[in-house]
Structures are given as C-alpha cells and as structure tokens.
Amino acid sequence: MNRSMIVNILPPLALMLFGAAIAVRGSAYGVGSLTAMGSGYLAVAFGVLLVLLALLQLLSQWHESKVAAGSENAFPWLALLLAAGSVLVWALLVERIGFIPAAVVQLALACLAAPVSDWRHTAIGIVLFSLASYALFVWVLGLPVPAFGG
Amino acid sequence: METLQNLALGFSQALTPDALLYCFIGVTIGTVVGVLPGIGALTTISLCLPLTFHLDPLLGLIMLAGIFYGAQYGSSTASILLNVPGSAPAAVTCLDGYPMTRQGRAGIALFVTTIASFIGGCFAIVLLIFFAPLLAQVAIGFSAADYFAIMLLALTAASTLGAGAPLKGLCMMVVGLILGLVGTDLNSGQFRFTFGIPALADGISLVALAMGLFGVAEILANVTSGQLPVLENARVTLRSMIPSREDMKRFWGSCGRGSVLGSFVGMLPGTGPTIAAFMSYAFEKKISKTPEQFGNGAIEGVTSPESANNAAVQAAFIPTLTLGVPGDAIMAVMIGGLLVHGITPGPQLITENGALFWGVVASFWVGNILLLILNLPFIGLWVKLLSIPYKALFPAVLLLICIGVYSVNNSAVDVVLTFVFGLAGFCLNRHGYPSAPLLLGFVLGPLIEENFRRAVLLSGGSLAPFIERPISATFLMLTALILALAGWHRLRKVPVKPVE
C-alpha cells in the first residue's frame, strides 16, 4: 500500500470511527422502540448509517486504481498551522488578555502564513486594524470584551 | 388584484428608510465580497448573521438576501478580469468572460453580465410573486410524514447532485445530521453529546459551524494553494462598456433562455446557482450555430450563465420561504436567521407574516435596481478593489470571523469550534468531501427528527403513513430514484458535475 493510498483511505476510516463512536455513545442515552423512541434512537440510526456509507466509500476507494496524487511533500504545513492557529489563539487569548492584544497576535500570526514583504507597513496595518475593529465591535456594537486584560 | 395588494404591502415595507438602508448595505457588501475572490457569500452571510439578531427580522432578511444576490453580481467581475471566479457559480463565466478581456472587450463583458443578471433576477422575482402563494396553499395540507419526505429529498438531492462524489456527499450529510443532534433533546430534556460543556447545551452554533466549514476552510485552502490571485493591467471605462448592435442581438435570446432555465433549476432542492449556470452554458452551446466560438469569447457564454445563476438565486427563495426547505447551504443559514427570531418559514409564513414575506419580495426589486446602479457607473471602483492583495485581506477576514462567531453567544468555545470545523472542513474538502451537505444536514437535522417522531407517534409506531400518503410516497420515490441514479452514475463512472 503506497502513501497516497493511505492518505485517501484515512477520511472514510475516520468517518467510520466517528459513526461508531456516535452509535455507541447514542445507545447510552436510551434507544427505545419505534413506538417510544429514546433520546438515542436517531443517534444510533445515524451513527450506523454513517459507518455503512463510510464503509462503502472505503471499499470503492480501495478498488479505485486511479489514486489522486497529492503533492504531500511540498505541502505548506507552516502556513496552514499559522493561519488556522491564529483563530485558536484568538479564542484562547481574548478573555485573558483583552480584545486589542488578542487581535494583534491573531493578525500577526495570520500575516506570517503568507510571505511578508514590508514588515513596518504590515505592523502599522495590524495595529490600525485591531484598533478599528475594537472601535467598531466594542464601542459601536457593544461587544462585552475589555480592550486590555481579562 | 390580490397580488397587487400584496405587492403594495411589500413595497410599503421595502421602501421605508430603514429597509432601503439595509438593502443598500446588503447589496453593497454582497458586491464587495463577490468581487473579491476567496471570501464568498456564505461566509459573509454567516458573519453578518449575528448582527441581524438585534434587527427587525424583515430588515435582517433583506440585508442577508441582498448579500446573497449582490455577490452573484459582483462575482463575475473577478471571473471576467482575473479568470478567477469570485464564487462557484461564476466559474463558468470565466470560460468566455476572460477571453473577452484578452480581446479588449472586458467592458462589454461586464456590461452584458450586469444586464443579464438584472433580467434573470427580475424574471425569477415575478415567478416568486405568482408561484410562492400557490405552493404555500398546497403545502398547508402537508403532514409531518410529507415534510419528512420533502426534507429527505432535499438532503439527498443536495448531497448527491451537488457534489462531485455522491457517496462522499451522503457521508457529509449524515455527519451534519449527527451534529444537529448535539444539545438538549426537546422530547426528554436529556443532554446529547455535550460532554459536560455548558456552551453545547443549546447545540452547536450555526454561525460557528458555517464560518468554520466555509470561511476558515476556504481561507486555508487559498493560503496553502500558493497561488494567490493578482490583477494585472485592467482598466474599464464607461465608454468601453457600450456593446455593438450585433452583441445585443446575440444577448437577448441567450439571456431569456438562461433566465427561464435558471428559475426552474433554482426552485428544485439541492441544485442552486452553480448547476443552473453550468446547465445553461451547456444548453446554449448545444443550440448554438457557432459552438466553436464558446470558450473563445462568445457573448452568449457570459450572458446565459449569468442570467441563469441570478434567476436561480431568487427562485431558491420559493421552496425556502414557502416550504421551509432550503435548497442549499446559504438558504439553510437564512432559515437559521429566521428561526432565531421565532419565525418558522413554511406555508403559514405568507398568511401569518405577510408583511415580512412581501416586504422581502419587494426588496428584491429594490436590490436589483440598486445593483444595476452599483455595477454600471461604479464599475471602476470594483475593478480597483480587485487590486487589494489577498495576503493583506485574509488575516483581517480571519479576525472578523473570530469576532463574528464570538459575538453570537459571547463564547470563546464557539471560536474554538470554528477552528475545529475549519480544519476538519479543509481536510475533508481536500479529499473531495463537500461541506454544503453537512451544513444542510445540520440545519434540517432537528426538523427531520421532529417530523419523523411526530409522524410515527401519530400513526402509533407505524411507518405506513410514509408510503400510504401520496405526497410523502412521491417524494420518497424521487429520493430513491436520485439515489439509484447516483449509484448508476458511480457504477458507470459517469462524473457528476461538482458544485463546491
């Protein structure tokens, strides 16, 4: 089994696992019967359905001779990590250090995801956009977050 | 006569200063995000959804709808000038729009696109005015079993017809249905899949899910593609937009056919503007006496899909507002917006909230006229907008996404969920798993559960009503037919046209 084959069967496998987990967990809520459905009735049904569909997908992918050739070696992991991570970092910081510092950190991280030609202008842009967002969302629209501090 | 009275009621709502303002804001934002590649109408509508919670429902819906159809107008600009579609439906406009730019006919392409969009939109609004009340009257007699069957058909159609790989679309639909179960079970009061997190007691935030799957995932796809779009030497003047007599002769027929086809396709669940645009392009090429000109700057190749996608966008409101069944992910978000205000779209909407329904319909006329003004004299402004580098744009959009998601419930957990859904959406999209069926499944999941439970309860635990009632039996047969067709396509390896 080659590397791209493994990469291709990972999503249906993950979906199968997800479906199975939902069905198992759902059964704990009480399945009941068709006349008296429990909270877990549809959860189990959907979980099992997902396992079956993902299994079909897995089998069809397995038999497909033409495997999508991804350029996994050249994949820009750092850009992905920085752009996606900036969202997570904002979520973790906004209630701890305040709106403006969280926005500055988020924008700086996201900017690093693409090549930056002029850092001075970028830094000024980051600060200005953070302040403008604060003015719009906190002052004008009343978002309850302090500018600095938790 | 009654229609005229209804329209008068609608215009009395849509022509108030507030409604005009929000319509203008909506169509302007829509045009901006349509022009800029890589943001998209769905992301913007999700971003603006929390703002509408504090508005009158009519004003909120007018603004969100304005963003939707405004984006269709704007998205063709990037297609024509950059060969980069501002949204999925505008992808087909690249085929002949960009060759027209290379021939020095960008101005004409932009002009006919705007007029075709206007005509397509207007045709579908007329259809909406006459057809929606009729459909609503029929739908009043629908039972829970009928609704279940209609929703199942909409989900199946959207998952199999709209996605490149039907099986992958179905998987995503079921994931959406499962995510829709998270929260408190309304029948028993029991928490499901909340894992002790209080923020999940009311379920997963629709905005967090939509922003993650479409906003964050789309940006991640663009950032990691390594090919950020750049505009080179595009200059469009009003004089360069005047078409010749020959251009206009070829314009009318294709525009008319696109409008009719787009309206019909738009009304069907699971289709949407992208399929309408591709179908009308294929049809126009097939009936053309000079099919070899298609792909080399044929004016019909621009006007037909543009009129079709705008007609489809307006026509999509017919099943959404009268049946409460969204045809695509954007309509699902619109329904979410109405539900927040306690308004349930469906056959009762026209009778119980006539002012809202007709106000929205009337606002479509206002919005389309505003778009005509915005897209013709101000075209130079939109061309300039295209010169903003994407690398400067996406960090700001990510911040706006964070703030938008946070502002719904003032919850950082929602932003963390957006991050999770963004990454998951990006990974799944890369492997050809479409996000739209997931969002549709998420929105329709609770409604499907409710109608299924009610139908079974009323029949004393029997599944017979689903096949005994003619309406539900018909829709279930159509669902089975779609599944069989998708299976047949798969076995014969006939590719299904991808949407997202």
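Q: Let's start with a single residue. Where is Phe195(B) found?

A: Phe195(B) sits in the loop between strand 2 (191-192) and helix 9 (206-225) of chain B. Keep in mind as we go that this is a predicted model.

Q: Which other residue has a positive phi of about 50° although it is not a glycine?

A: Asn410(B) is one of them. Its place is in the loop between helix 18 (390-409) and helix 19 (412-430) of chain B. Asn410(B) has 34% relative accessibility and therefore counts as partly exposed.

Q: On to the interface. How many residues of chain A are in contact with chain B?

A: The contact involves 61 residues of chain A and 53 residues of chain B. Together the two chains bury about 5,100 Å², 78% of it on carbon and sulfur atoms. Polar pairing can then be counted: eight residue pairs are in polar contact between chain A and chain B, with both residues at pLDDT 80 or more.

Q: Which helices of chain A each supply at least two residues of the side that touches chain B?

A: They are helix 1 (3-27), helix 2 (41-63), helix 3 (77-97), helix 4 (99-112) and helix 5 (119-140) of chain A. Helix 2 gives the most, with 13 residues. By residue type, the side of chain A that touches chain B divides into 43 nonpolar, 14 polar and four charged residues.

Q: How many salt bridges does the rule find across that interface, and how many over all chains?

A: Across the interface of chain A and chain B the rule finds zero, while the count over all chains is eight.

Q: Which parts of chain B does the salt bridge between Asp146(B) and Arg469(B) link?

A: When reading a salt bridge, look at the distance, then at the places of the partners. Here the side chains meet at 2.8 Å, N to O. The pair links distant parts of the chain: Asp146(B) is in helix 7 (residues 144-160), and Arg469(B) is in the loop between helix 21 (464-468) and helix 22 (470-492), 323 residues apart. Asp146(B) is buried because its relative accessible area is 0%, whereas Arg469(B), at 29%, is partly exposed.

Q: What about Arg250(B) and Glu300(B)?

A: Their side chains form a salt bridge at 3.0 Å, N to O. Arg250(B) in helix 10 (residues 245-267) and Glu300(B) in helix 12 (residues 300-315) are 50 residues apart, so to speak of the sequence, and the pair links distant parts of the chain. Arg250(B) is partly exposed at 24%, and Glu300(B) is buried at 12%.

Q: Which residues are linked with Glu449(B) in a network of salt bridges?

A: The network joins Asp185(B), Arg192(B), Glu449(B) and Arg453(B). In one of its pairs, the closest N and O atoms of Glu449(B) and Arg453(B) are 3.2 Å apart. Both residues lie in helix 20 (residues 436-458) of chain B, four residues apart, about one turn of the helix. Glu449(B) counts as buried at 6%, as does Arg453(B) at 11%.

Q: Last one: what does Leu181(B) touch beyond four places in sequence?

A: Leu181(B), in helix 8 (residues 166-181) of chain B, touches Leu42(A), Ala43(A) and Phe46(A), and also Arg192(B) and Glu449(B). At 2% relative accessibility Leu181(B) is buried, since the cut-off is under 20%.

Definitions and conventions. Residues are numbered from 1 along each chain as its sequence is written. Chains are lettered from A and ligands numbered from 1 in the order in which they are written. This is a predicted model: local features need pLDDT of at least 70, side-chain atom pairs count only at pLDDT 80 or more; totals for chains, interfaces and linings use all residues. Side-chain values use heavy atoms; hydrogens and water are left out. Contact means heavy atoms within 4.5 Å. Buried area is the accessible area (1.4 Å probe) that two parts lose on being put together, summed over both. A salt bridge is a side-chain nitrogen of Lys or Arg within 4 Å of a carboxyl oxygen of Asp or Glu. A polar contact is a pair of N or O atoms within 3.5 Å; within protein, one must be able to donate a hydrogen and the other to accept it, and residues adjacent in sequence count only if both atoms are side-chain atoms. Ala, Val, Leu, Ile, Met, Phe, Trp, Tyr, Cys and Pro count as nonpolar, Asp, Glu, Lys and Arg as charged, and the others, Gly among them, as polar. Buried means under 20% relative accessible area, exposed over 50%, partly exposed in between (1.4 Å probe, protein chains only).
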